[in-house]
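I am opening a notebook page on this structure, and I want to write down what I looked up, step by step.

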Amino acid sequence: MHRGTSYLSNRSLDDDNNTSEARAYATSSSTDLIRGVGCLIIGTIVLFLLAPSTHQIPEHQQKHTAAVSDHHAVDPRDRTRKLPVRLQLLMAQSQVIGNHLEEVQEGKKSVEEVIHSRAGLNDVDNNGISSALHISRNYKSSPMSLQEVLSFLQSFLKKLNSSNIKNKHATFHGIWTAYHDLALKYLYPWDQEYLKRMPPRREDGSVFLSVVSFRDEFCPETLKQAFAKAQNPQQLFVGLVQQNCEGDKCRSGVMESGKMEDVKEDPDCYLLFCSSPEGKKYCNDGNIRLLKMKESETLGPYIARWYASKLYNGEGWYMQIDSHMTFAQDWDTQSITMLKNAPSDKPVISHYPPPHTADLTETTVAAPRLCGPVFATSDLESQIIRLEGSYNYDSVKLKYPRFAPFIAAGYLVAHSDILREVPFDPFLPYIFMGEEILLSARLWTSGYDIFSPTHSLLGHHYVRNHKPKFWESVHRTFSFGVHNPLQMLVLNRVKYQLGYPESSKDMIKPKTLFTAIEQYSMGSTRSLDDYLKIVGLNMNTKEVTYTAWCETGVPPPGFEKYDNLYKV
């Protein structure tokens with residue numbers, strides 16, 4: 001009130017001096033402006049005085065700040081906070097390729113050139129940002145939790161389902177393009193982050209068992225036997241990928257009549273096991289990790305194994321089986337013992353198990369070994385390498401596992417570092433063949449040695465007539481007959497890595513078949529040429545040379561120092 005009275009008094013004095021009302025108004029406005037500027041200056045000074053100086057920052061933070069300054073680096077997350085909210089959301093959704101997608105599709109730029117670019121935030125476009133996201137993610141180094149993994153995979157499956165519906169009537173080229181672009185936006189950048197943030201391996205004897213089930217009624221019994229016959233079931237952790245038909249529109253496989261029939265929905269492997277007296281405890285204790293998928297979302301066994309591998313949570317050993325198996329008693333510890341007895345720093349134990357009718361209690365009989373490759377002659381198989389079963393070559397069982405040239409996807413045991421060093425490739429959908437020869441070559445060139453088990457520990461249901469096959473689901477999801485040309489197209493990615501001359505980069509289109517291939521290809525420890533010579537494969541002439549070492553049970557060329565271990 002005092003300031004108001006003074007103001008009125010001043011106004012009265014001005015009127016007495018015959019000053020106009022307009023002049024008085026202008027004078028008062030100028031006074032207010034000066035006061036406002038003064039307040040702004042005072043506020044700025046107060047903020048400056050309150051702001052912490054470098055002397056007020058804790059010593060360990062000062063050192064970190066100095067180090068960053070010395071290297072002219074900044075936390076990319078600070079830079080991205082200055083971006084529009086829309087671009088920040090795109091980055092959070094892993095949409096990192098942006099307007100470079102067309103260049104990648106045409107082969108003008110590789111994914112590595114885009115994603116691994118260090119161009120900072122200069123590469124901003126309407127669809128997102130490339131390098132900033134990749135760099136930013138390096139700042140998050142904590143192990144990825146199972147909840148994070150499942151949340152991402154479930155989100156991706158929703159996007160995949162929407163894409164499949166949209167491309168219902170697409171050609172096989174269109175189906176590949178739709179999947180590739182989806183994987184490029186989401187799976188690939190996420191997978192690169194996952195590999196950096198994999199849970200550390202535990203030295204506690206734990207086993208991670210990868211189980212992939214496609215509409216399989218044997219799956220619940222497989223899980224029951226796996227736990228019932230394990231020596232350490234509490235140390236067994238299953239990553240289950242369950243692909244089922246649900247509802248009243250399920251179809252059988254091809255029956256004897258050559259037709260398919262309407263059938264009931266598939267048994268829920270997870271639910272049946274977890275509700276059983278044998279399984280309830282293990283499910284409650286978290287020993288089963290489930291990724292549930294619709295039949296229409298299936299991408300074939302290889303990508304299903306990619307999914308399953310992401311359910312790993314630091315277990316010491318990795319085992320991979322099919323969902324229709326039988327087990328010997330103490331199969332878990334016996335598998336690990338074989339690994340430890342193998343004369344190698346990086347062994348892998350694998351073979352085609354005997355039929356499910358085999359007597360697995362007979363431990364004195366040597367296990368069959370996988371030796372014989374052939375070049376497929378069917379036009380539908382695109383001359384890919386096929387592995388022609390396992391045979392009992394040995395009359396005497398030995399303590400030491402014998403060397404073998406190939407792995408089998410239905411039974412594989414290794415140190416769990418295999419998931420980090422030779423990760424599954426997210427750009428190989430819709431294939432049913434080619435995964436075993438490719439993984440064999442990738443493992444060997446990465447320094448792993450392949451062995452057959454000393455005796456059989458698992459049996460396999462091989463004859464499953466009239467049961468649904470995943471390519472039949474592909475036909476229902478898209479259109480009849482589309483799977484064969486689609487698989488042949490994708491197999492070019494496999495054949496390129498194995499050195500088929502007809503699948504070289506200058507011979508194959510689209511160039512998207514080579515996206516990020518360097519990240520999921522051969523290792524650098526040993527050469528692919530040396531591997532092909534040892535196993536007797538000539539990709540140029542499509543000829544198989546009989547090598548004899550596998551069939552006779554002696555070490556391959558270059559490993560003669562172990563000959564004494566295999567003398568009978």
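**Entry 1: the whole chain.** Residues are numbered from 1 along each chain as its sequence is written, and side-chain values use heavy atoms, with hydrogens and water left out.

I then looked up how much of the chain is covered, taking buried as under 20% relative accessible area, exposed as over 50% and partly exposed as in between (1.4 Å probe, protein chains only). Buried residues make up 51% of the 568 residues in the protein chain.

**Entry 2: confidence.** The predictor's confidence in each residue is called pLDDT and runs from 0 to 100. Its mean over the protein chain is 83, and 75% of the residues reach 70 or more. Over residues 48-84 the pLDDT stays under 50, and for this stretch the model has 25 contacts beyond four places in sequence (contact means heavy atoms within 4.5 Å). Residues 116-139 also have pLDDT below 50, with 65 contacts in the model beyond near neighbours in sequence. I remind myself that where pLDDT is low, the predicted coordinates should not be read in detail.

**Entry 3: the core.** Next I looked for a nonpolar core, which is a set of buried Ala, Val, Leu, Ile, Met, Phe, Trp, Tyr and Cys residues joined through side-chain atoms within 4.5 Å. Which residues touch the most other members of the largest nonpolar core? Among its 134 residues, they are Phe 156, Tyr 179, Leu 209, Leu 291, Tyr 307, Trp 331 and Tyr 531. Helix α10 (residues 172-196) gives the most to this core, namely 12 residues. Setting aside neighbours within four places in sequence, I find Phe 156 in contact with Tyr 179, Leu 182, Tyr 186, Leu 187 and Tyr 307. As background, nonpolar side chains tend to be buried together in soluble globular proteins.

Entry 4: Just after α17, Gly 447 takes a positive phi of about 95°.

Beyond four places in sequence, the contacts of Leu 412 include Tyr 318, Val 348, Ile 418 and Leu 439. The C-alpha atoms of Leu 412 and His 351 are separated by 7.3 Å, although the two residues are 61 residues apart along the chain.

**Entry 5: rings.** Rings of Phe, Tyr and Trp (its six-membered ring) pair if their centres lie within 6.5 Å; planes under 30 degrees apart count as stacked, over 60 as edge-to-face and the rest as tilted. By this rule I count 24 aromatic pairs. Why is the pair of Phe 403 and Tyr 562 tilted? It is tilted because the planes of the two rings are at 35°, with their centres 6.0 Å apart. Phe 403 lies in the loop between β14 (390-391) and β15 (411-415) and Tyr 562 in the segment after α21 (549-552), so the pair ties together parts that are 159 residues apart in sequence. Phe 403 also pairs with Tyr 566, this time edge-to-face, at 6.3 Å centre to centre and 65° between the planes. Both Phe 403, at 4% relative accessible area, and Tyr 566, at 6% relative accessibility, are buried.

Entry 6: Most residues other than glycine have a negative phi, and most peptide bonds are trans. Arg 215, in the loop between β3 (207-214) and α11 (219-228), has a positive phi of about 50°. Lys 542 also has a positive phi, near 60°. The peptide bond from Lys 509 to Pro 510 is cis, with omega near 0°.

Note on methods:
Predicted model: local features only at pLDDT ≥ 70, side-chain atom pairs only at ≥ 80, totals over all residues. Helix = DSSP H or I, 4+ residues; strand = E, 2+ residues; numbered from the N terminus.
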